[in-house]
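Welcome, and thank you for joining this tour. Please open your viewer and get ready to select a few pieces one after another.

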Amino acid sequence: RVLVYRPLGARQTSALTIARALKRKWVKALQAEGIPEPELAVKYIVDHLTRSTNLHVGASLDDLVSRAESMLEQRRRRTPLQYIIGEWDFRNVTLKMKAPVLIPRPETEQLVDRVLTSCRLASRGDDGWVWFLDVGCGSGAISVALLAECPQLRGVAIDVSTEAVDLTRENAIMNNVHERLDVIHTTIGNCSTLTFGGRLFDILVSNPPYIPSRVLAGLDPEVLWFEDHRALEGGPDGLRVTAEVLDVAQSIVRKGG
């Protein structure tokens, strides 16, 4: 193979120079406001724009600067980085992110690991599938990641939030797993009255709200101001929704599931 050196064009060089200047300016600005991890925020935003902007044709450098300044100003006002960029990687999938739908936490990936282990050990039903129910699906992170990594899975995802239901559907389509996922707008309390086609589930997975009510007001602004409190607050002891999930599980999960 012959390696050919291709020097950067003038527009690319100018864009990279601007990107470096933006990083220097905004790291200082975010640090002054006490924004957590300012270097990481600036890097993600500027890199996202320079990757998604065609530096050869069409997009002006002024437009690049304007968009970057607008997004960085949002971060200065404590808007979560995931909402600003509008997407985020979760395991092996990329998910759209929209406020106020809960942003998936890194520890949720560990939950997916555990479910995948159960999935691979589970026996397929008469219809050839292993079925799961995702309670409180949020952005669809758990459902979409499971379906992307475990082809014998089919699932049902539920959430009380219409925004979450819509976003889960979008993310399932974007990651080409929508044909194996039904998304329903309902509450966990209604699950016992739904027939789900007469089936029992092999796996029930949930990352329910677990923050005690008294703690909610002390959360970081990124969480308190922007994310849906229904996905955060778990009652006086933080276990209200968990208790509901365990109660319903008895009637909708098959024996041995």
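Helices (H or I, at least four residues) and strands (E, at least two) are DSSP runs, numbered from the N terminus. This is a predicted model, in which local features need pLDDT of at least 70 and side-chain atom pairs count only at pLDDT 80 or more, while totals for chains, interfaces and linings use all residues. Residues are numbered from 1 along each chain as its sequence is written, and side-chain values use heavy atoms, with hydrogens and water left out.

**First stop: helix H3**

Select residues 61-76, which form helix H3. The expected span of a helix is 1.5 Å times one less than its number of residues. For the 16 residues of H3 that gives 22 Å, and the end C-alpha atoms are 22 Å apart, so the two agree.

Now show the side chains of Leu 61, Leu 64, Ala 68, Met 71, Leu 72 and Arg 75: these residues of H3 are buried. Buried means under 20% relative accessible area (1.4 Å probe, protein chains only). They cover an arc of only 100° around the axis, which puts them on the same side of H3; the arc is that of the directions from the helix axis to the C-beta atoms. An α-helix has 3.6 residues a turn, so residues three or four places apart point the same way.

Step just past the end of H3 and you reach Arg 78, whose phi is positive, at about 80°.

**Second stop: the sheet**

Colour the strands next. Four of them make an open sheet in the order S5-S4-S3-S6, paired in parallel; two strands pair if DSSP finds at least two bridges between them. S5 (181-185) and S6 (203-206) are the edge strands, each with a single partner, so one side of each has no neighbour in the sheet. From one strand to the next, the twist averages 20°.

Zoom in on S3 (residues 130-135) and S4 (residues 153-159), parallel strands joined by 6 bridges. Here Val 135 stands opposite Ile 158 in S4.

**Last stop: the disulfide**

How many disulfides does a search of the whole structure find? There is 1, counting a pair of cysteine sulfur atoms within 2.5 Å. Select Cys 119 and Cys 150 to see the link, with S to S at 2.0 Å. Cys 119 lies in helix H5 (residues 108-121) and Cys 150 in the loop between helix H6 (141-149) and S4, so the pair ties together parts 31 residues apart in sequence. The link is left-handed, with -60° about the S-S bond.

Methods. Axes are lines fitted to C-alpha atoms, for helices over the stretch in contact, and angles run from 0 to 180 degrees between N-to-C directions. Buried means under 20% relative accessible area, exposed over 50%, partly exposed in between (1.4 Å probe, protein chains only).
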